[in-house]
Amino acid sequence: MNIVVLGATGFVGGNVSRHLVADGHHVTGLARSDEAGALLESRGITPLPGNLDERRDEVVKAAAGADAVVFAAQMDARGETESVGALLDALAGSGKAFLFTSGSGVHLQRTAGAWSEDCFAEDEPFTVEPLAADRLAVERLVRDAAQRQVRAMVIRPGLIWGPGDHGHVSMVYGSVARTGAACYVGEGLNTYSNVHIDDAARLFVTALHQGSAGALYHAVAGEIPNRWIAEAVARDLDCGTRSLTEHEAAAVWGDFGALIMAASSRGRAPRTRQDLGWAPHHTDMLTMIGEPRLRELANR
């Protein structure tokens, strides 16, 4: 298949593109610069010059000519809504596949470091995190496109980890550089369901082949409380741990980072496992502990 990946130079889109190429597809990736185009070519991906902010019509036209589109671009809420809407309009009536990358932040809960018993399967109701209300609206737009003869699907991964990530383990290592200790918020019992980047990317390939129009698929493999992460980092670096207030956390990770590190976001993937036969190959996020790239974060 000829597949256009929007966000092919990013962490998620880049790895999805890599898996699609390995699966035998011809992949075209959006490139905002000559440097980005050269990077894509080095990975066996055909560059599509342009961007969704200033040259949206051109990108949409090119994407609509492909057999399938993967949307993994990082944009502000307005840009994402407008770009996805334009793409779905262009694909209406075609029966082509459109895979939208969401995230479990839509059902994030602000628990101030406390554990939450809530854990959501694909189509279970939840109260949306206000900052993610626009994202949930885009999810609905994508799923509703099935009624317009688009094989549109939403992929909603949990916290994604693996080579090159910037997730919770990375953030805890970074906190050592700022405080001298591996930090967490409050009790540190809050947790995100997580998934390795290769397992998440593999789900995109599987959904492309087997997914149903209008479906939502979760990608989750396990979960680890933030305090356990901090304790593992402390053992690796031979330092202490430290509980932060939310105010203190903002000084370490910034306002948004503090929100993420104080929250809980738990999910399950029964539909994904049953309908697609997907199962993770990597289930222990703490296997990253001790990686040189992470230890470097503690020394900055």
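Reader: How many aromatic pairs does the count come to?

Author: The count comes to two aromatic pairs. Bear in mind that this is a predicted model.

Reader: Take Phe 71 and Phe 100, then. Why is the pair called tilted?

Author: Their ring centres lie 5.7 Å apart, and rings pair if their centres lie within 6.5 Å. The planes meet at 35°. Under 30 degrees would count as stacked and over 60 as edge-to-face, so the pair of Phe 71 and Phe 100 is tilted.

Reader: What makes this pair a tie between parts of the chain?

Author: Phe 71 belongs to strand E4 (residues 68–71) and Phe 100 to strand E5 (residues 97–101). Those parts are 29 residues apart in sequence, so the pair ties them together.

Reader: How do you know whether Phe 71 is buried or exposed?

Author: Buried means under 20% relative accessible area. Phe 71 comes out at 0%, so buried is the word for Phe 71. Phe 100 also has 0% relative accessibility, so Phe 100 counts as buried too.

Reader: And Ser 264, buried or exposed, and why?

Author: Ser 264 has a relative accessible area of 1%. The cut-off for buried is under 20%, so Ser 264 is buried. You'll find Ser 264 in strand E14 (residues 263–264).

Reader: What does the side chain of Ser 264 reach?

Author: The backbone oxygen of Thr 191, at 3.2 Å. A polar contact needs N or O atoms within 3.5 Å. Leaving aside neighbours within four places in sequence, Ser 264 is also in contact with other residues, including His 107, Gln 109, Ser 116 and Tyr 192.

Reader: Which residues have the most contacts inside the largest nonpolar core?

Author: Trp 253 and Met 285, in a core of 33 residues. Several elements supply at least two residues each, among them strand E9 (181–185), helix H8 (226–237) and helix H9 (246–262). The largest share, eight residues, comes from H9.

Reader: What does Trp 253 touch?

Author: Not counting residues up to four places away in sequence, Trp 253 touches Met 171, Cys 183, Val 185 and Leu 244, among others. Apart from this core lies another, of 32 residues, including Val 16, Leu 40, Val 70 and Trp 278.

Reader: Which element gives the most to the lining of the largest pocket?

Author: H9 again, with five residues. That pocket has a volume of about 1500 Å³ and is lined by 47 residues. Gln 74, Ser 102, Gly 103, Arg 135 and Phe 256 lie nearest its centre.

How values were computed: Residues numbered from 1 in each chain as written. Predicted model: local features only at pLDDT ≥ 70, side-chain atom pairs only at ≥ 80, totals over all residues. Heavy atoms only, no water. Helix = DSSP H or I, 4+ residues; strand = E, 2+ residues; numbered from the N terminus. Buried < 20%, exposed > 50% of the residue type's maximum accessible area, 1.4 Å probe, protein only. Polar contact = N/O pair within 3.5 Å; in protein donor to acceptor, adjacent residues only side chain to side chain. Contact = heavy atoms within 4.5 Å. Core = buried A, V, L, I, M, F, W, Y, C linked by side-chain atoms within 4.5 Å. Phe/Tyr/Trp six-rings, centres within 6.5 Å; stacked < 30°, edge-to-face > 60°. 1 Å grid on protein atoms, 1.4 Å probe; cavity = no way out; pocket = protein on both sides within 12 Å on 5 of 7 lines; lining within 4 Å. Points joined across faces, edges and corners; volume = space filled by probe spheres on them.
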